[in-house]
Amino acid sequence: MPAPATTDVALIGAGIMSATLGALLRRLEPDASITLVERLDRAAAESSDPWNNAGTGHAGLCELFYTPQKPDGSIEIAKAVRVNEQFQVTRQFWAYAVHTGMLERPRDFVQPLPHVSFVQGADGVDYLRRRHHALASNPLFAGTEFITDFDEFAARLPLMAAGRDADVPVALDWAPGGTDVDFGALARQLIGYGVRGGTEVLFGHELRSIGREPDGSWMLELAERRTGETRRLKAKFVFIGGGGATLGLLRKAGVPEVRGLGGFPIGGRFLRCGIPAITGGHRAKVYGAPAPGAPSTTAPHLDSRVVDAASWLLFGPFASWSPKFLKHGRVTDLPKSVRFDNAASLLGAGVRERALVGYLLRQLRHTHADRIEALQEFVPEALERDWSPVRAGQRVQLIREGRLEFDTTIVTAAEGSIAGLLGASPGASTAVPAMLEVLARCFAGRFAGWRPRLEEMVPSLGTRLSDEPDLFEQVWEWGTRQLELGD
């Protein structure tokens, strides 16, 4: 058998997470050898593909599930603030990457677009008013507007106002500084930067096995999916950013930290419209509240999107189900994930999450007409003929101790020589802080030496911008200029 190829860093999966980590490492260690392995024939074809996510650039501005009402009627804002802080880190890195030429043509991957919370009825308006007041004192949310006047609502969102009963109270919380992000285009640009710096990319290669070597490195067996030809790759550090496949790959590596963990796949569908006369009447991402018993990630939203320079509207998500852990996965993914150590946890989740199971069953019975009816809560005059279904990505929700978790979780093990990212939300929008955490945990001995360069990439590194309004204003204005997000 021929000797294995060697690399300092192996990145598994060519989505936004691996692309971000690879770009960071290429900037920090220009001479490091980096190998990116992707089972499909192109980058960002799973969760990072623009049709497999809503492209919101989640900053906690409009997502009502980040600001639940507490029993005493007050609004919990901690998660919205935390997510926004994380997105500010990501936004600064993108700006730095454009400024230094790592990324080109920012409008190819990011567009300025208001983020809007939308409610109907007196109770909804009362909740949104209290939410707005709870967030208004934080400088990260200070620019939002609370709108209850129907004429103003109609002027800003004419598509949503047409045909609506003006006597039914409505309210908007309007955040003008939101974005629409094509994470697929962004991931491909970041990978391109890495390739220009020497990163090797192996498309169409699947990781079949991975094991620890006596010297502490990892031996990866890769198979080319088209020919079946195998090769070995020896890596000092491995990051697994394979979306729904990550949990299984960490198990293959024998990482003890994932013992007892399980995964539950939830797919999605959207309604899509590309008719210019309709798309021109809506320039915002508008989020409502999740249905009772539905997971937070299913909050209905009507999104303006730009994909390949074309304008679209996207509404959803509507849940679908498949045992696959990836959109391009296998139907055996779920049954093969059941092990002795996680079986009880999976069963426990099934019992505890009866409301979620019921929600999924109801969703699976929905027809196209049912989905149009849901759309008409946002667009009263929507016609069935103008909207077509599109299948979105496949997400795997982490199950720990019998409970579903909807956050993003980083797993590191083996003295920091391997790491993986699990979970689904807020995901791509917080890729930079997530990968900075991977660097801090897995390269602890080098992190202090990297810090000056990292502070160039993220000027607010280690600072809570909510407590530093002057610094927030500086980095916000700088990022807006670099990313061409101004008016």
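Student: In what order do the strands of the open sheet come?
Tutor: Strands are DSSP runs of E with at least two residues, helices are runs of H or I with at least four, and both are numbered from the N terminus. Two strands pair if DSSP finds at least two bridges between them. With mixed pairing, the open sheet has nine strands in the order β5-β6-β4-β13-β14-β15-β12-β16-β17.

Student: What kind of model is this, and what pLDDT do local features need?
Tutor: Residues are numbered from 1 along each chain as its sequence is written, and side-chain values use heavy atoms, leaving out hydrogens and water. It's a predicted model: totals for chains, interfaces and linings use all residues, side-chain atom pairs count only at pLDDT 80 or more, and local features need pLDDT of at least 70.

Student: Which strands stand at the edges of that sheet?
Tutor: Look for strands with a single partner strand, because one side of each is then left without a neighbour in the sheet. That picks out β5 (145-147) and β17 (403-405).

Student: What does the twist average from one strand to the next?
Tutor: Angles here run from 0 to 180 degrees between N-to-C directions, and axes are lines fitted to C-alpha atoms, for helices over the stretch in contact. From one strand to the next, the twist averages 30 degrees.

Student: Which helix packs on the sheet?
Tutor: Contact means heavy atoms within 4.5 Å. The helix touches β12, β14, β15 and β16, and its direction makes about 75 degrees with that of β12. Covering residues 368-375, it is α12.

Student: Is strand β15 largely enclosed or largely open, and how many of its residues are buried?
Tutor: Buried means under 20% relative accessible area, exposed means over 50%, and partly exposed is in between (1.4 Å probe, protein chains only). Strand β15 spans residues 310-320, and it's largely enclosed by the rest of the structure because the buried ones number eight of the eleven.

Student: Which residue of β15 stands opposite R272?
Tutor: Strand β12 (residues 262-273) pairs with β15 in the antiparallel sense over six bridges. Strand β14 (residues 301-307) also runs antiparallel to β15, joined by seven bridges, and D303 has its bridge partner at L314. Opposite R272 you likewise find L314.

Student: Which residue takes a positive phi in the hairpin of β14 and β15?
Tutor: The hairpin has two residues between the strands.

Student: Which peptide bond is cis, with omega of about 0 degrees?
Tutor: Stay on strand β15, where P317 has its place. The cis bond, with omega about 0 degrees, joins G316 and P317.

Student: Whose backbone oxygen does the side chain of R305 reach?
Tutor: R305 has its place in strand β14 and counts as buried because its relative accessible area is 0%. Leaving out residues up to four places away in sequence, R305 touches, among others, D180, K285 and W312. A polar contact is a pair of N or O atoms within 3.5 Å; within protein, one must be able to donate a hydrogen and the other to accept it, and residues adjacent in sequence count only if both atoms are side-chain atoms. At 3.0 Å, the R305 side chain reaches the backbone oxygen of N53.

Student: Is E401 buried or exposed?
Tutor: E401 lies in the loop between β16 and β17, and its phi is near 55 degrees, a positive value in a residue other than glycine. Because its relative accessible area is 69%, E401 is exposed.

Student: At what angle do helix α2 and helix α14 pack?
Tutor: Helix α2 covers residues 78-99, helix α14 covers residues 444-457, and their axes are 8 Å apart. The contact is made by Q92, F93 and Y96 of α2 with R453, E456 and M457 of α14. The angle between them is about 90 degrees.

Student: Is α13 oblique or roughly parallel to α14?
Tutor: The axes of α13 and α14 come within 7 Å and cross at roughly 135 degrees. Angles under 35 degrees count as roughly parallel, over 145 as roughly antiparallel, 65 to 115 as roughly perpendicular and the rest as oblique. That makes α13, relative to α14, oblique.
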